[in-house]
Amino acid sequence: MDPNAGKKQLINKLGREDLLKKLAAESFKRKTISFYRYVQITQPNEMRDQLYSLFTDLNCLGRIYLANEGINAQMNVPEHNWEKFVTSLYAFAEFANVPFKIAVEDDGKSFLKLQVKVRHQIVADGLKPEDYDVTNVGTHLDAENWNKALDEGAIVVDMRNHYESEIGRFENAILPEAETFREELPMVLEKLKGKENEKLLLYCTGGIRCEKTSAYLKHHGFKDVNQLHGGIIDYHRQIETKALPNKFHGVNFVFDERLGESISAEVISECHQCGKPSARHTNCANKACNLLFIQCDECAAKHQNTCTPTCLEVVNLPEEEQIAYRKKH
């Protein structure tokens, strides 16, 4: 008898094409959300299996990271299972009443599969425990007070990667040319040197990177550190609800199948191939390349979602030759 018979499958084994077909065949809507919490998780591997089982039963999809320091989740939930999802998640003492950020633009196809992974940190930052105290973070500002601080001339820092800020950002923000959050922290510290007594405003997609950054800056002597409550995602909800002025220009980059959601009607970035206004990110169709770049619809059609003539040649090779090419590159 198979010793694994009857046990719940704890990993996804379907390919992308099968996942797309499965999602397209669904007759119900999904709600895309994100949430995080810094909280002590003593047994993240055990928690991982519990959450995978729970989310599988509720037909949730997404990407969830667990570590001893907490949880970082981006996922979608079938609308008919929403109440069960909230009740079941809040039943965990570690996640009771954790706030959710609801996606601005949502076609229900933000994620194709469920991944729950255990990591050393829920956001890779390269910091040592003695570099920050996550219990000593900046002041959380709602959209109204955030706008007021912007109008008063506070220093505002974008705590996202350069390809995120390229398509959308707040007015007069410092935009570090960083590829990763790990690279960005020392960059920001250097850029802000001498401004330890000035009012600082930090923002990111949903708030988690600012939580760590604010603790890091306070550890290094910055006195007046503030962060946008709920990040750009919740800022949009607040300005819509309260009819506040929108200080964000362009599109908010998101780490799922959508790759972006419009916060304003402006397009502030350009296609990397023809220079026309565009905020459409794509990954190069050449799997050996997979470069993330901005490409307008016209160039996507013309270049078959590739970034260079070489990549275009590769995607038109027979599949066997493409596989051989990837092995060499």
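User: Which residues of α4 meet Tyr235, Gln238 and Ile239 in α8?

Analyst: This is a predicted model, in which local features need pLDDT of at least 70 and side-chain atom pairs count only at pLDDT 80 or more, while totals for chains, interfaces and linings use all residues. Residues are numbered from 1 along each chain as its sequence is written, and side-chain values use heavy atoms, with hydrogens and water left out. Contact means heavy atoms within 4.5 Å. On the α4 side, the residues that meet Tyr235, Gln238 and Ile239 of α8 are Ala143, Trp146 and Asn147.

User: How are α4 and α8 oriented to each other?

Analyst: Helices (DSSP runs of H or I, at least four residues) and strands (runs of E, at least two) are numbered from the N terminus. Axes are lines fitted to C-alpha atoms, for helices over the stretch in contact, and angles between N-to-C directions run from 0 to 180 degrees. Helix α4 (residues 143-151) packs against α8 with the axes 9 Å apart and an angle of about 100°. Angles under 35 degrees count as roughly parallel, over 145 as roughly antiparallel, 65 to 115 as roughly perpendicular and the rest as oblique, so α4 and α8 are roughly perpendicular.

User: How many nonpolar residues are in the contact of α4 with α8?

Analyst: Ala, Val, Leu, Ile, Met, Phe, Trp, Tyr, Cys and Pro count as nonpolar, Asp, Glu, Lys and Arg as charged, and the others, Gly among them, as polar. The contact of α4 with α8 has two polar and no charged residues, and its nonpolar residues number four.

User: Are α2 and α3 roughly parallel or roughly antiparallel to each other?

Analyst: Helix α2 (residues 44-57) packs on helix α3 (residues 82-90) with axes 10 Å apart, at an angle of about 165°. The two helices, α2 and α3, are therefore roughly antiparallel.

User: Which residues of α3 make the contact with α2, and how many of the contact residues are charged?

Analyst: From α2 the contact takes Leu51, Leu54 and Phe55, and from α3 it takes Phe85, Ser88 and Leu89. By class, the contact of α2 with α3 has five nonpolar residues, one polar residue and charged residues to the number of none.

User: Is the crossing of α6 and α7 left-handed or right-handed?

Analyst: The axes of helix α6 (residues 181-191) and helix α7 (residues 208-219) come within 11 Å and cross at roughly 35°. A crossing is left-handed if the near helix is turned anticlockwise from the far one by less than a right angle, and right-handed if clockwise. The crossing of α6 and α7 is right-handed.

User: How many charged residues are in the contact of α6 with α7?

Analyst: Helix α6 supplies Phe181, Leu185, Pro186 and Leu189, and helix α7 supplies Arg209, Lys212, Thr213, Tyr216 and Leu217. The contact of α6 with α7 divides into six nonpolar residues, one polar residue and charged residues numbering two.

User: Does Arg209 count as buried or exposed?

Analyst: Arg209 is found in helix α7. Leaving out residues up to four places away in sequence, Arg209 touches Val123, Met159, Arg160, Asn161, Glu164, Phe181, Cys204 and Phe255. Buried means under 20% relative accessible area, exposed over 50% and partly exposed in between (1.4 Å probe, protein chains only). With a relative accessibility of 10%, Arg209 counts as buried.

User: What separates the C-alpha atoms of Val188 and Val157?

Analyst: Val188 lies in helix α6 and is buried, with a relative accessible area of 1%. Beyond its neighbours within four places in sequence, Val188 is in contact with Val157, Met159 and Pro176. Val188 and Val157 are 31 residues apart along the chain, and their C-alpha atoms are separated by 8.0 Å.

User: What is the relative accessibility of Asn172?

Analyst: Asn172 is in the loop between β8 (168-170) and α6. Its phi is positive, about 60°, although Asn172 is not a glycine. Asn172 counts as exposed because its relative accessibility is 76%.

User: What is the radius of gyration of the protein?

Analyst: The secondary structure comes to eleven helices and 14 strands. The radius of gyration is taken over C-alpha atoms, and the globule rule is 2.2 Å times the number of residues to the power 0.38. For 329 residues the rule gives 20 Å, and the protein is as compact as a globular protein of that length because its radius of gyration is close to that, at 21 Å.
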